[in-house]
Amino acid sequence: MVIVFVYIAFAATWEEFIIRGAMLTNLAEGATGFVPRWIAIGLAVTISTLVFAFLHGAKVTHVSQYGYYLIAGLILSGVYVLTGELALSIGFHVFYNFTQSAIFGLGHSQQTPELLAVDIVGPSRWVGEEGLVFVGFAILGGLLLLAYIRWRDGPLELNDRITTYNT
């Protein structure tokens, strides 16, 4: 399980650094000079979320399953633009992937050992790896993250670090 955790943590951390830390930040910084800040961040979130979903497309067996990756990308991007830090995005991404695959055995794209074998039966659009059950868990996690950020930082506001170049 330690090896599986390290593998999942490395993959999720790499994705967050590339998609959110580099791509989203650079898009937002670059667009800020041409459009209002909130539009620049919105464009950066949209583009980086589409790229995130596209990069996971090899797992998708039906076009409706892209919705799962779009929601996951929006949640992870939202956490980043509200805090200006990758820590929560990385932590949630690692925790979510590890619990879904290694703890509950629900991640069919990764053959990992699992502590509990939960076998949900039904159409893949509902219970598959990108099905509505996973969408529900992702949304619930996103809402809990928003509540945590609100509790920790106060009012939910776009963080200045996303559009300000730091040397």
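1. Leaving aside neighbours within four places in sequence, His56 is in contact with Glu15 and Tyr69, where contact means heavy atoms within 4.5 Å. His56 itself lies in the loop between H2 and H3, and at a relative accessible area of 10% His56 is buried; the term buried stands for under 20% relative accessible area, exposed for over 50%, and partly exposed for what is in between, with a 1.4 Å probe and protein chains only. The side chain of His56 also reaches the backbone oxygen of Phe52 at 2.7 Å.

2. A word on how to read these values: this is a predicted model, in which local features need pLDDT of at least 70 and side-chain atom pairs count only at pLDDT 80 or more, while totals for chains, interfaces and linings use all residues. Residues are numbered from 1 along each chain as its sequence is written, and side-chain values use heavy atoms, with hydrogens and water left out.

3. The protein has 6 helices and 0 strands; helices (H or I, at least four residues) and strands (E, at least two) are DSSP runs, numbered from the N terminus. Of its 167 residues, 43% count as buried. Among contacts in the protein with a separation of 6 or more, 66% come from residues 24 or more positions apart.

4. Helix H1 covers residues 2–32, and its 31 residues, at 1.5 Å a residue, should span 45 Å, which agrees with the 42 Å between its end C-alpha atoms; the expected span is 1.5 Å times one less than the number of residues. H1 bends by about 25 degrees at Phe17, the bend being the angle between axes fitted to the seven residues ending there and the seven starting there. The buried residues of H1 include Val4, Ile8, Glu15 and Arg20, and what covers the buried residues of H1 includes helix H2 (37–55), helix H3 (66–83) and helix H4 (87–103).

5. Which residues of H6 are buried? They are Phe134, Val135, Ala138, Gly141, Gly142, Leu145 and Ile149. Seen down the axis of H6, these buried residues fall within an arc of 125 degrees, so they line one face of the helix; the arc is that of the directions from the helix axis to the C-beta atoms. The buried residues of H6 pack against H3 and H4, whereas on the other side of H6 Leu143, Leu144 and Trp151 are exposed. Just after H6, Gly154 takes a positive phi of about 90 degrees.

6. A search of the whole structure finds 4 aromatic pairs; rings of Phe, Tyr and Trp (its six-membered ring) pair if their centres lie within 6.5 Å, and planes under 30 degrees apart count as stacked, over 60 as edge-to-face and the rest as tilted. For Phe5 and Phe98 the ring centres are 5.2 Å apart and the planes at 85 degrees, so the pair is edge-to-face. Because Phe5 lies in helix H1 and Phe98 in helix H4, the pair ties together parts that are 93 residues apart in sequence. Phe5 is partly exposed at 37% relative accessibility, while Phe98 is buried, with a relative accessible area of 15%.

7. The rings of Phe92 and Tyr96 have their centres 5.8 Å apart and their planes at 35 degrees, so this pair is tilted. Phe92 and Tyr96 are 4 residues apart in helix H4, and so are separated by about one helical turn. Phe92 is buried, with a relative accessible area of 14%, and Tyr96 counts as buried at 8% relative accessibility.

Methods
Polar contact = N/O pair within 3.5 Å; in protein donor to acceptor, adjacent residues only side chain to side chain.
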